[in-house]
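Please keep the viewer open while you read.

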Amino acid sequence: MAGYNIGIDLGTGNIKAFVSGRGIVLSEENAICYDAYNDEFVAMGNDAGEMFGKAPDCYVLKRPVSGGVISDFTVMAEILSRFLTKICKNSIFRPSVLISAPSCNTELEKRTVIEAACAAGAGKVHLIDEPVVSALGAGLSIDYPHGVMVVDIGEGTTDIAVITMSTVAYATSIKIAGGTMTEAICQYVKKEKNILIGKQTASRIKHSIGCAVKRDEEFELICTGKHIITGMPRSFSVNSGEICEALSECTKAIFDGIMDVLEQTPPELYSDICNEGIILTGGTAKLYGLAKYLSEKLSIDVRVAADPEHCAAKGAGFILKNMKKLEDSGYSFRLRESSYNFRD
């Protein structure tokens, strides 16, 4: 094989890469750190992610994707370039890259993703809707006239789509996802306990005792923050019931987004979804009780995919092996050639 074929899940919080013949070879935070004084590279990925809220002022920490959209083109191209170099090592051939992107992104936003990958050194770039790759990564059959609903809950956005014949029929994208839930926990602790906590502490609370419905057995966690009035360190306890309350608006917003898409869905596709259920993908889909909460509210079976946080990367790997099949079924890929050549 001349060169590498790489599938990339370009998320707000994380980047995952699948290489044909090797599987998932990369799963890192989408972050980078520079020295502010000499603009020298310091760290990237998980190493940079651990620095947020802890690094001195002389370091600049950036996340180039916000709400599923590239907000800093230069930084995104730099991160992709370093990751592609790490994967391809000394290959003399430029890799062919397939990237998943939210289906509701504008053409300009999608074109920016293509150009960032080209600037990073990719030879050929394909762009495909994220719900499609997530559905394939979850093991769903989508290439025949049958309605499938996928709710991909990531860090920056929740993508809700009805897919039929390998194409997104109806979709919406809401900016309520894992990052919003983390911020909601920060605000809850500030309001109810008069204590300031950082996003890393809030994220630990979310992953440890976070829930969408009240647990049968309540869990408690001891954390440390900064008291608003005294400015002194203060330990506090928080339980799973409190976090369920803190996340209630976020989970309701996801339910409302699903309802908006279902209202637009024709009766025949709606009937398919009622029979087959709804599949949840993305890292935030693992929130305790989320599938149960949505199932009870919708009166439709809702289940979490196996290994939900890697569905998009696995789906990209599936497409790398079956691109001709998807093209034959009517799905049109966005190629590098469809935009101007940012880098030859």
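Predicted model: local features only at pLDDT ≥ 70, side-chain atom pairs only at ≥ 80, totals over all residues.

Residues are numbered from 1 along each chain as its sequence is written, and side-chain values use heavy atoms, with hydrogens and water left out.

The whole sheet is open and has 5 strands in the order β13-β12-β11-β17-β18, with mixed pairing. At its edges are β13 (167-174) and β18 (302-304), each of which pairs on one side only. From one strand to the next the twist averages 20 degrees. Two helices can be followed against this sheet. Helix α8 (residues 248-264) packs on it and touches β11 (148-153), β12 (158-164), β13 and β17, its direction making about 150 degrees with that of β13. Helix α10 (residues 290-298) lies across β11, β17 and β18, at about 165 degrees to β18. Angles run from 0 to 180 degrees between N-to-C directions, and axes are lines fitted to C-alpha atoms, for helices over the stretch in contact; contact means heavy atoms within 4.5 Å.

## The three-stranded sheet

Another open sheet has 3 strands in the order β5-β4-β6, paired in the antiparallel sense. Its edges are β5 (41-44) and β6 (59-62), each with a single partner strand, so one side of each has no neighbour in the sheet. Neighbouring strands here are turned by 20 degrees against each other on average, direction ignored.

How many bridges join β4 to each partner? Strand β4 (residues 32-35) pairs with β5 over 3 bridges and with β6 over 4 bridges, both times in the antiparallel sense. Towards β5, C33 has A43 as its bridge partner and Y34 has F41; towards β6, I32 stands opposite K62. β4 and β5 form a hairpin with 5 residues between them, and D39 in the turn has a positive phi of about 60 degrees.

In a regular strand the side chains alternate between the two faces of the sheet. Both faces of β4 are covered: I32 and Y34 on one side, and C33 and D35 on the other, are all buried. Buried means under 20% relative accessible area, exposed over 50% and partly exposed in between, with a 1.4 Å probe and protein chains only.

## An aromatic pair

The structure holds 1 aromatic pair. Y34 and F41 form this edge-to-face pair, 6.3 Å centre to centre and with 80 degrees between the planes. Rings of Phe, Tyr and Trp (its six-membered ring) pair if their centres lie within 6.5 Å, and planes under 30 degrees apart count as stacked, over 60 as edge-to-face and the rest as tilted. Y34 is buried at 16% relative accessible area, whereas F41 counts as partly exposed at 33%.

Helix α4 (residues 130-137) and helix α11 (residues 311-321) pack at about 90 degrees, their axes 7 Å apart. They are therefore roughly perpendicular; angles under 35 degrees count as roughly parallel, over 145 as roughly antiparallel, 65 to 115 as roughly perpendicular and the rest as oblique. The contact involves E130, V133, S134, L136 and G137 of α4, and C311, A312, K314, G315, A316, F318 and I319 of α11. Because 8 of its 11 residues are buried, α11 is largely enclosed by the rest of the structure; among the buried ones are A313, G317 and L320.

The axes of helix α5 (residues 178-193) and helix α6 (residues 199-209) come within 8 Å and cross at roughly 105 degrees. These helices, too, are therefore roughly perpendicular to each other.

## A buried histidine

Finally, look at H227 in strand β15 (residues 220-227). H227 is buried, with a relative accessible area of 10%. Leaving aside neighbours within four places in sequence, H227 is in contact with N194, I195, M232 and R234.

Key. Pairing = 2+ DSSP bridges.
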